[in-house]
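Notebook open, sequence and model side by side.

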Amino acid sequence: MNALERTSVLGLLISITILVPESSHSIMAGKWQESRAYQHQDPQYNHHQEPQDDPYLIPFDITTVSVQIGTKAVLHCPQTPSKKAKFIIWEIALISQPPCTISYRVENNETHKGCADERITWASTPDQSPDLQINAVALGHDGHYSCQIHTLMKNFQQEYSFHVIVPPEVTLVQGENRTAVCETIAGKPIAQIFWTPDGDCKTVTASHSNGTETVRSTCHWEHNNVSDVFCFVSYLTGSKLMSIELNQESENPDI
């Protein structure tokens, strides 16, 4: 083969290589690496118990879950035939507590609970369901929850970023010199306040050590033709509309 022919063949091989599309397996692997990179960047993730470079681990996504304070929450493990499971472990990394684990070894029906919080339990008996239940969700349950199911062939994982919602207490009171004060107290996430009609308003926010926030909006209406004003509060789990007549007693109907 002469030099010209070798050059043509080499150019053809390079073109074929460039045109080959990335396989779906590589795309899934990319998502897996992105998830694992997120875990390493997150200070709340339990690095000590993370399986390192596990070739049998099925790629997984992180699911964000928001639950209102005081309610019950159930977190599900990956869907896999229960008869194939050999070992089930929940890794829990709460923001305000040390990391802990809850596990179940199938072959000898042995359970272990390393979490002190009695409200975090199995949703049923682990031989019937591997799901996790949180009774009476509290602010301290913010954090990351990871279920791993180990089988002979593959390991399955489902991870949750868990956020507790706190509806704020809402008040509307009359101020001096044709002003009104609308306040959302200790809410999470932060609430938004809107006024009708528009006035000269100033809003301040205060953050609390438990992660909740208070928003206080004070508005002034200069023109005497404004008599009734409305404060509309919007937060993640609902809304509230309140009205007040300037220079008179307040009236706060909920919606």
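Is Cys 182 buried or exposed? I looked it up, keeping in mind that this is a predicted model. Cys 182 has 0% relative accessibility, so I put it down as buried, the cut-off being under 20%.

**Entry 1: the Cys 182 link.** I checked what Cys 182 is bonded to and found a disulfide with Cys 231, the sulfur atoms 1.9 Å apart. I read -70° about the S-S bond, which makes this link left-handed. The pair joins distant parts of the chain: Cys 182 sits in strand 11 (residues 179–187) and Cys 231 in strand 15 (residues 228–235), 49 residues apart.

**Entry 2: how many disulfides?** I searched the whole structure and got four. Counting the bonded cysteines along the chain, I wrote the pattern as 1-4, 2-3, 5-8, 6-7.

**Entry 3: Cys 77 and Cys 147.** Here I have another disulfide, with 1.9 Å between the sulfur atoms of Cys 77 and Cys 147. The angle about the S-S bond is 95°, and the link is right-handed. Cys 77 is in the loop between strand 2 (73–75) and strand 3 (85–94), while Cys 147 is in strand 8 (residues 143–151), so the bond ties together parts that are 70 residues apart in sequence. I have Cys 77 as buried at a relative accessible area of 6%, and Cys 147 as buried at 0%.

**Entry 4: Cys 201 and Cys 219.** I get an S to S distance of 1.7 Å for the disulfide joining Cys 201 to Cys 219. This link is right-handed, with 105° about the S-S bond. Cys 201 belongs to strand 13 (residues 200–207) and Cys 219 to strand 14 (residues 213–220), so the parts tied together are 18 residues apart in sequence. How exposed is Cys 201? I found 32% relative accessibility, so Cys 201 goes down as partly exposed. Cys 219, at 1%, counts as buried.

**Entry 5: the cores.** Next I asked which residues touch the most other members of the largest nonpolar core. They are Trp 90, Ile 92, Tyr 145 and Phe 162, in a core of 26 residues. I listed the elements giving two or more residues to this core: strand 1 (62–68), strand 2, strand 3, strand 4 (100–105), strand 6 (120–122), strand 7 (132–134), strand 8 and strand 9 (155–165). Strand 3 supplies the largest share, five residues.

**Entry 6: whole-chain numbers.** I count two helices and 17 strands in the chain. Of its 255 residues, 38% are buried. For contacts with a separation of 6 or more, I noted that 56% are between residues 24 or more positions apart. The accessible surface comes to about 15,200 Å², and carbon and sulfur atoms account for 54% of that.

Definitions and conventions
Residues are numbered from 1 along each chain as its sequence is written. This is a predicted model: local features need pLDDT of at least 70, side-chain atom pairs count only at pLDDT 80 or more; totals for chains, interfaces and linings use all residues. Side-chain values use heavy atoms; hydrogens and water are left out. A disulfide is a pair of cysteine sulfur atoms within 2.5 Å. Helices (H or I, at least four residues) and strands (E, at least two) are DSSP runs, numbered from the N terminus. Buried means under 20% relative accessible area, exposed over 50%, partly exposed in between (1.4 Å probe, protein chains only). A nonpolar core is a set of buried Ala, Val, Leu, Ile, Met, Phe, Trp, Tyr and Cys residues joined through side-chain atoms within 4.5 Å. Contact means heavy atoms within 4.5 Å. Accessible areas come from the Shrake-Rupley method with a 1.4 Å probe; for residues, only the protein chains shown count as cover.
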